[in-house]
Amino acid sequence: MGTTYLALVLSDLHLGEEDSILMHLDPSRGVHWPYLEALRGYLVSHLDLSEVRYLVLLGDALDLSLARRRRAFPALKAFLEVFQGLVSEGIIYIPGNHDHHIWVAFQEETQVFCKLRQDRPVEPYYYVLCPYLDSEGIHLPEHHISRPYGRETFLYHLLPEAARSRQLDLLVAYPHIYLRTAKASALLTHGHFFEETWTLFTDLLEKPLREITHLDSITLAKLEQINAPFIEFGWYSLGQAGELSVLLEKIWDELHERGAGPITESILQDLRDRLDREIHFPWWEAFKEVFSDLCLDALVKGIKKLLEQQARGKPRSGSSLRHKPEILKEKKTRERIRRYLRLSLPDFPGMDTLVFGHTHVPFQKRRFSLEDGSSRSIFCFNTGGWVTDVYRVSHLLRSRPLVVAFSGEGIRTLEIPWPEKEALAEILPPGRKKPATPEEKERLRQLIRSQLLRA
């Protein structure tokens, strides 16, 4: 008869972004319908799936930092059209860093705009909304949200008419949900708060926040409230800024492919020349002829190194987690995960499993100690990613999707068919330094899709 799953978890779809394998490389063509249909069939057959009660999109389902809104939202609508038939009760959308704006917009819609339309006082943001999911369904912690969840918000109306007619729920939660079955007690989160970039303000300003503003402690809500402005600026506003967004994406692609290239070098040179013209301190003028070149060159070199580390995920403990296969071995990363869990576990003391994405590198059932030397540990799963944003064989071999499913019998994982090293190397020969051409990217995309289409 097949298996009924409480939850099916996918993350890092990056719908709308051209590097997503679910999208056509040509921006005018949208999602790749045959691949989505094949994916649905593959999940049904290989998970022995008869019903999914809840589909959990665990962050970066939409890409609003690199993709344009006019491409991203239709792509999500198409994805939901294909998969809504598998889901019997609801879809839980947990934003990540690339679609963080969904959480901001959802709060504006429910706490501000809906209230104004009803001539009622506006209400404060939630900042966090972490429901429980178990065999009885979704349990919300004290907040009232319309049922079907979010039916008065824009995201609910992306559901196909067939899903809305049977009142399929769509709940936006952030930054995690708690899930409990007879065999597992899991926390599901995107994972961006495990990386130092996304907690920049609370890390840098914790002391003045305590001493000047009298902030008692960094709670989960404060972690979001204080860091949200930076996330919004860097991973939404700059992605919807017209020609500036185009320029930034070209820089990002260049840094991804080979480090600082002609575009980045030109901009850094302009920055150096501007600083040289604008600095007019008396002490600077006295030593300008001797020290200006050395100082400015060192500054530009430092900026260049930092950009390359962030874009390419170069190994620096606690820095960018993307594309790293062994993040649980990094001391700073372990402590950041533990800090996040310390904020979350008082509401979920029996947790034994952590599921997250963000890094694009999947792994299964890795044991993680909640404290160094402690006997208490949990199992960690990473859901990988559906993007080919770094065109190197070594990266493509480890950056791939993993589906995690929860049922009354326990946790099941499913790897999506992926090319072998030899096939990838025929398109992207090892050792070459020039960036991949559009033709090579398209061949690579066809190769990846063919693995599933033939399965």
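These legends describe an overview and close-up views of a predicted model.

View 1. The predicted chain holds 14 helices and 13 strands. Of its 455 residues, 54% count as buried. Take the contacts between residues at least 6 apart in sequence: 71% of them join residues at least 24 apart. The accessible surface of the chain comes to about 20,600 Å². Carbon and sulfur atoms account for 55% of that surface.

View 2. S8 covers residues 185-189. Buried here means under 20% relative accessible area. By that cut-off, 5 of the 5 residues of S8 are buried, so the strand is largely enclosed by the rest of the structure.

**View 3. The two faces of S8.** In a regular strand, side chains alternate between the two faces of the sheet. On one side of S8 lie Ser185, Leu187 and Thr189. Ala186 and Leu188 lie on the other. Both faces are covered, and these residues are all buried.

**View 4. The hairpin of S7 and S8.** Strand S7 spans residues 176-180. S7 and S8 run antiparallel and are joined by 5 bridges. The two strands form a hairpin, with 4 residues between them. Within this pairing, Leu179 stands opposite Ala186 of S8.

**View 5. The pairing of S8 with S9.** Strand S9 takes in residues 353-356. S8 and S9 run parallel, with 3 bridges joining them. Leu188 has Val355 of S9 as its bridge partner. Leu188 is also one of the buried residues of S8.

Technical notes:
Residues numbered from 1 in each chain as written. Predicted model: local features only at pLDDT ≥ 70, side-chain atom pairs only at ≥ 80, totals over all residues. Heavy atoms only, no water. Buried < 20%, exposed > 50% of the residue type's maximum accessible area, 1.4 Å probe, protein only. Contact = heavy atoms within 4.5 Å. Areas by Shrake-Rupley, 256 points an atom, 1.4 Å probe, with all protein chains shown as cover. Pairing = 2+ DSSP bridges.
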